[in-house]
Amino acid sequence: MRRLLKTSCVSTTVGLLFIAGLTTAADWPQWRGPDRNGLGPKSPTLANSLAGLSPMWLAERIPSGDEGGRGGLIIHAGKVYGLVSAAPKSSAIDEVFCLDAANGKTIWKSKIQDSSGQAGSSTPCIAKGKLYVVGSGNKAYCLNADTGSSIWEVALSRSGKDPIASSIAVVGKVAVLLDDVLTGLDAETGKVLWTQEQIKGRESSPVSWNSKGRDYVICNGNRETHCVDATDGRIIWSVPGGGKSTPVVAQEYGGDFLVNLSDNRRSGLSAYRLTDKDPQKLWMIQETDRGSSPVVYDGNVYAIAGGSNGHGAHLLSIHLDSGKVAWEEVVDFAEVSSPVVAEGKVFVVCGTFLSLLQATPEKYSMLSQDDYRITLCTSPTVVDGRLYVRQVNAVACYDLRAVP
């Protein structure tokens, strides 16, 4: 079954208490959620339609897109964090912001003296009360998550001048990012522990994988997907893949799986079963995208792939075990869109629009689609029944909870 979406589209956890009277909540502490795989934390029952919703709040002016970057929002302990990565070129200063998740009011802003003067797409990461962020230039930072005060900053040995889009991951005691080459920093001090010269790029974000108590990092290079030892950066294995998207590590069927959407038709959209030795390839289909990341939920892969300059992309559901396409829909215009799943619903950003789908492999089930004025190529954050998105000059919060 194929259907044309009528709207024009373009694109890209741990109980705590919310403050100011909000109920028990969870965290979205890094790019793509608690486990960096697009799956949101447990949430109250969500409404089946998002049409006609007005924001709970709008923050003060916070630029995004070409004027402020396309990095995602993270949630921790009742606060919303993000990065404005392309402040006015005259100042060439990036800025980290912290908002009250209850009302959107600014708690603090911290300027970091580093910018490429171009919009980046890096998302901050919080671990053990520390906020890790990479500027659009050539420095990485660690801030106090409560106050925004500096803990450390470190210059990165970069060869290029384009802004970093890779989002830091903290794996064990190591902060890892792709800053022209895959780099591991001491999470406490910022000291460079290792670099892996065989893994190159600046856009794919690393993910963690723990096997038998040992921490690994999985990241895309230009043409391969690599697994390295988190302690020393030594490559353990490599498989065809690569690209600018974020690989997905998913726990399904009692095991660990790797799913990656490459920008190379020879690698396509692929799935592997992870083992202590070499991964076991399950399938590959020739769907590609220049930066979109998939999501795996309840034994199925959901992804937006393909298209030329955003036109004619495919929204797909694929069975994880077999690689059989369950359904496929043509999307007018969708580019670099990384879906997320919360409470059995798939959130897909298409340009300024947000589509809500039921996460079912049996059939394509569009619940609603509405214009949320979302910044192009950004990804939504869904926590505790609330949706947080970046708009052109603001951060907005919507209440998605179903009415009893």
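This is a predicted model: local features need pLDDT of at least 70, side-chain atom pairs count only at pLDDT 80 or more; totals for chains, interfaces and linings use all residues.
Trainee: What makes the link between the side chains of T183 and D179 a polar contact?

Mentor: The two side chains come to 2.6 Å, and a polar contact is a pair of N or O atoms within 3.5 Å; within protein, one must be able to donate a hydrogen and the other to accept it, and residues adjacent in sequence count only if both atoms are side-chain atoms. Residues are numbered from 1 along each chain as its sequence is written, and side-chain values use heavy atoms, with hydrogens and water left out.

Trainee: Which backbone oxygen does the side chain of T183 reach?

Mentor: That of V181, at 3.1 Å.

Trainee: Why is T183 called buried?

Mentor: Its relative accessible area is 3%, and buried means under 20%, exposed over 50%, partly exposed in between (1.4 Å probe, protein chains only). So T183 counts as buried. Leaving out residues up to four places away in sequence, T183 touches A175, V176, L177, V192, W194 and T195, where contact means heavy atoms within 4.5 Å.

Trainee: How do you know that K109 forms a salt bridge with E60?

Mentor: Their closest N and O atoms are 3.3 Å apart, and the rule asks for a side-chain nitrogen of Lys or Arg within 4 Å of a carboxyl oxygen of Asp or Glu. So the pair passes. K109 sits in strand β7 (residues 106-112), and E60 in the loop between β3 (57-58) and β4 (74-76), 49 residues apart. Strands (E, at least two residues) and helices (H or I, at least four) are DSSP runs, numbered from the N terminus.

Trainee: What about K111 and E95: is each one buried or exposed?

Mentor: K111 has 53% relative accessibility, so K111 counts as exposed, while E95 has 16%, so E95 counts as buried. These two also form a salt bridge, with the closest N and O atoms 3.1 Å apart.
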